[in-house]
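Hello,

Here is the structure I promised to pass on. Please open it first, then read my notes below.

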Amino acid sequence: RTVYGLVASVLHLNQVVFDSTSNVLNSPGLDGPSSVPEDSTGELGHACRLMGWDASAVATALTSRSITVSGKVITKPQTVSEATDRRDALVKLTYSQLFLWLVR
């Protein structure tokens, strides 16, 4: 049952898409800060429930990056392509760890 939950979580997480909250200078070549649109929150929520994760924390982790400089935490929003890369890395890592566990 756990293996099926992990596989289902990976499949749901892979369906999460991101929207640009604003287009930088309204230029089509640049994308602004990303967010999880309403139609993807269900997929994200379902994947996170299966994994036992907090959906809002995962959404924040995928769409922003925190940097600590001189003791101050600076949060930088990610573009849609960066958020997509972060999602893909999380999916790949989860699936990879599941595969390694199955092989052992």
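Where is the place of Pro77? Pro77 sits in strand β4. Strands here are DSSP runs of E with at least two residues, helices are runs of H or I with at least four, and both are numbered from the N terminus.

A word on the source. This is a predicted model, where local features need pLDDT of at least 70 and side-chain atom pairs count only at pLDDT 80 or more, while totals for chains, interfaces and linings use all residues. Residues are numbered from 1 along each chain as its sequence is written, and side-chain values use heavy atoms, with hydrogens and water left out.

Back to Pro77. Beyond its neighbours within four places in sequence, Pro77 contacts Pro33, Thr63, Ser64 and Glu82 (contact means heavy atoms within 4.5 Å).

Now the strand itself. β4 pairs with β3 (residues 64-69) in the antiparallel sense over six bridges; pairing takes at least two DSSP bridges. Val69 stands opposite Lys72. Two residues lie between the strands of this hairpin, and Ser70 takes a positive phi near 55°.

Last, the helices. α1 (residues 2-14) meets α2 (residues 38-51). Residues of α1 in the contact include Leu6 and Leu13. Among those of α2 are Leu44 and Met51.

Best wishes

How values were computed: Axes fitted to C-alpha atoms, helices over the stretch in contact; angles between N-to-C directions.
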